[in-house]
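Subject: Structure handover

Hello,

Here is the structure I said I would pass on. My notes on it follow below the model.

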Amino acid sequence: MFSVRISELYGWAAHLPYPDRVRELHDMRIAAKRLRYLFEFFTPCFGEELAGLLKRFKQLQDYLGEIHDCDVWVDYLRAQLREAYHELDAARRGLSSFVGADPDLRTGAQSLREQLARGPAQGLLMMLVDVVERRSRLYGELLGFWAQLEADDFHGQLIRLVAAAARLEKLEA
């Protein structure tokens, strides 16, 4: 059971170098969560080393979860922008109906400018920029965190912990 969950997590890790693999990063988060919960359920079978590993699982889940939250927000904000610009585009197309410097063109252009200024598009764009910047920062931190896990042989630690618990179980049986 443990080896399957560990393999699942590390299988998804192959997608880490690709920031645009949104679904795969989310699946990695789910794999980390499953493995962490499995270890937590069997906590009595493991020694004190487990506490530090669980802390690192939590950090990994936090990074992947916050990145996923950003991805969800990006999709939501883009959908809201499409809607906002659809409304603005209708007003913009209305300006095409005027001939020359028709006095009503000024009124229509002024109205469109006011819609742009008070409408949601500018705020949505600012939010989108903030969320993308946050995701980018978190993704960089995730890569650094994962590199540290690799340098610390996190994978090996997990395997050794499970193997030691299995050996202890056999000795007690």
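Helix α5 covers residues 121–151. The helix has 31 residues and reaches 45 Å from its first C-alpha to its last, which is close to the 45 Å expected at 1.5 Å a residue. Please keep in mind that this is a predicted model. After α5 comes Asp153, which has a positive phi, near 55°.

The buried residues of α5 are Ala121, Leu124, Leu128, Val131, Arg135, Leu138, Tyr139, Leu142, Phe145, Trp146 and Leu149. Two of these are taken up below, Arg135 and Trp146.

Arg135 sits in helix α5. With a relative accessibility of 11%, Arg135 counts as buried, because the cut-off for buried is under 20%. What does Arg135 contact, leaving aside its neighbours within four places in sequence? The residues are Pro19, Val22, Leu25, Ile67, Cys70 and Asp71.

Trp146 belongs to the largest nonpolar core, which has 42 residues. The members of this core that touch the most other members are Leu9, Leu35, Phe39, Phe57, Leu60, Trp146 and Leu158. Helices α1, α2, α3, α5 and α6 (154–172) each supply at least two residues of the core. Which helix gives the most to it? That is α3, with 13 residues. If residues up to four places away in sequence are not counted, Trp146 touches Tyr10, Ala13, Leu16, Met28 and Leu60.

Now the charged pairs. How many salt bridges does the structure hold? There are 12, and three of them are described here, starting with Glu8 and Arg34.

The side chains of Glu8 and Arg34 form a salt bridge, at 2.7 Å from N to O. Glu8 is in helix α1 (residues 2–13) and Arg34 is in helix α2 (residues 22–41), so this pair ties together parts that are 26 residues apart in sequence. Glu8 is buried, at a relative accessible area of 19%, whereas Arg34 is partly exposed, at 40%. The value for Glu8 is 19%, and the limit for buried is under 20%. Glu8 and Arg34 also belong to a network of salt bridges that includes Arg5.

Arg36 pairs with Glu40 in another salt bridge, where the closest N and O atoms are 3.0 Å apart. Both residues lie in helix α2, four residues apart, which is about one turn of the helix. Arg36 is buried, with a relative accessible area of 14%, while Glu40 counts as partly exposed at 32% relative accessibility.

The salt bridge between Arg78 and Asp75 has its closest N and O atoms 3.0 Å apart. Are Arg78 and Asp75 buried or partly exposed? Arg78 counts as partly exposed, at 41% relative accessibility. Asp75 is partly exposed as well, with a relative accessible area of 45%.

That is what I have for now.

Regards

Definitions and conventions
Residues numbered from 1 in each chain as written. Predicted model: local features only at pLDDT ≥ 70, side-chain atom pairs only at ≥ 80, totals over all residues. Heavy atoms only, no water. Salt bridge = Lys/Arg side-chain N within 4 Å of Asp/Glu carboxyl O. Buried < 20%, exposed > 50% of the residue type's maximum accessible area, 1.4 Å probe, protein only. Expected span 1.5 Å × (residues − 1). Core = buried A, V, L, I, M, F, W, Y, C linked by side-chain atoms within 4.5 Å. Contact = heavy atoms within 4.5 Å.
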